[in-house]
Amino acid sequence: MSKDPIERQGLKPRFWEKKPLNKLTQKEWEALCDGCGKCCLNKLEDEGSGHVALTRVACRLLDDSDCRCAQYDIRHQFIPECIVLTPDNLDTHAYWMPKTCAYRLLWEKKPLYDWHPLISGTPESVHDAGVSVKDMTVSEFEIPIEEWEDYIIEEPS
Ligand code: SF4
Ligand code: SF4
């Protein structure tokens, strides 16, 4: 079994069902991320309709071999605009988050999927379920923004 890059040891079983999001500890909050990598894909938003299209053009820091940010702890040195999601700003961001994102699901009062690593016990289950961006992205370094439209995809779900 591969090592989980997100620290999930020692957490109470199904803690997310027992506490509101704004009462979670920082470790619990971070552990909710399933590691799908979909929030690190560039999106195209139609200003008129508000529709958000997902592309497979990824942030330059995403490593799609494991769907992790290559410089997570110091990412803002390179990508200042990378959003730090918190319980307080979830209302603002939930609309563009992936439909399977644990933060969005809980914000919508929906349960997590069985493939979530907190339930399955392994980070591989998110890839095995086909809901991550593993090995399917191109870097924003390689694709000019005018061509992103050609890379629009349906959300893997
Ligand atoms: S979309 Fe949500 S669950 Fe997936 S990597 Fe981003 S924050 Fe984590
Ligand atoms: S800086 Fe890291 S966490 Fe932020 S979008 Fe890019 S890859 Fe994702």
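Reply: Helices and strands here are DSSP runs numbered from the N terminus, and a strand takes at least two residues. With that in hand, isoleucine 153 lies in strand E6. Keep in mind that this is a predicted model.

Me: OK, is isoleucine 153 buried or exposed?

Reply: Buried, because its relative accessibility is 19% and the cut-off for buried is under 20%.

Me: And how far is isoleucine 153 from arginine 56?

Reply: Their C-alpha atoms are separated by 6.5 Å, although the two residues are 97 residues apart along the chain.

Me: What about isoleucine 152, where does that one lie?

Reply: Isoleucine 152 is in strand E6 too. It counts as partly exposed because its relative accessible area is 40%. From isoleucine 152 to proline 87 you go 65 residues in sequence and 29 Å in space, C-alpha to C-alpha.

Me: Why does glutamate 155 count as buried?

Reply: Because its relative accessibility is 17%, and buried means under 20%.

Me: What does the side chain of glutamate 155 reach?

Reply: The backbone nitrogen of lysine 99, at 2.8 Å. A polar atom of that glutamate 155 side chain also lies 3.3 Å from the backbone nitrogen of threonine 100.

Me: Switching topic: the ligands. Which pocket does ligand 1 sit in?

Reply: Ligand 1 sits in the largest pocket.

Me: What is the volume of the largest pocket?

Reply: About 1,200 Å³. It is lined by 42 residues, and the closest to its centre are Cys39, Cys40, Cys82, Ile83 and Trp96. If you wonder how one finds such a thing, rolling a probe the size of a water molecule over the atoms shows where empty space is left.

Me: Which element gives the largest share of the lining of the largest pocket?

Reply: E1, with 5 residues. At least two lining residues each come from helix H1 (26-31), strand E1 (41-45), strand E4 (68-69) and helix H4 (102-107).

Me: How do the residues of that lining divide into nonpolar, polar and charged?

Reply: There are 26 nonpolar, 4 polar and 12 charged residues in the lining of the largest pocket.

Me: Back to the ligands then. Which residues surround ligand 1?

Reply: Cys33, Asp34, Cys36, Gly37, Cys39, Pro98, Cys101 and Tyr103. Sorted by class, the shell around ligand 1 has 6 nonpolar, 1 polar and 1 charged residues.

Me: And which ones surround ligand 2?

Reply: Around ligand 2 you'll find Cys40, Cys59, Leu61, Leu62, Cys69, Arg75, Ile79 and Cys82. The shell of ligand 2 has 7 nonpolar residues, no polar ones and 1 charged.

Me: What about the phi of aspartate 135?

Reply: Phi of aspartate 135 is positive as well, near 55°, and it isn't a glycine either. You'll find aspartate 135 in the loop between helix H6 (124-128) and strand E5 (138-139). At 57% relative accessibility, aspartate 135 counts as exposed.

Me: Last stop, a couple of prolines. Where is proline 80 found?

Reply: In the loop between helix H2 (75-78) and helix H3 (90-93). Proline 80 counts as exposed, at 59% relative accessibility.

Me: Great, thanks!

How values were computed:
Residues numbered from 1 in each chain as written. Chains lettered and ligands numbered in written order. Predicted model: local features only at pLDDT ≥ 70, side-chain atom pairs only at ≥ 80, totals over all residues. Heavy atoms only, no water. Near = heavy atom within 4 Å. Nonpolar A, V, L, I, M, F, W, Y, C, P; charged D, E, K, R; others polar. 1 Å grid on protein atoms, 1.4 Å probe; cavity = no way out; pocket = protein on both sides within 12 Å on 5 of 7 lines; lining within 4 Å. Points joined across faces, edges and corners; volume = space filled by probe spheres on them. Helix = DSSP H or I, 4+ residues; strand = E, 2+ residues; numbered from the N terminus. Sits in = over half its atoms within 2 Å of the grid points. Buried < 20%, exposed > 50% of the residue type's maximum accessible area, 1.4 Å probe, protein only. Polar contact = N/O pair within 3.5 Å; in protein donor to acceptor, adjacent residues only side chain to side chain.
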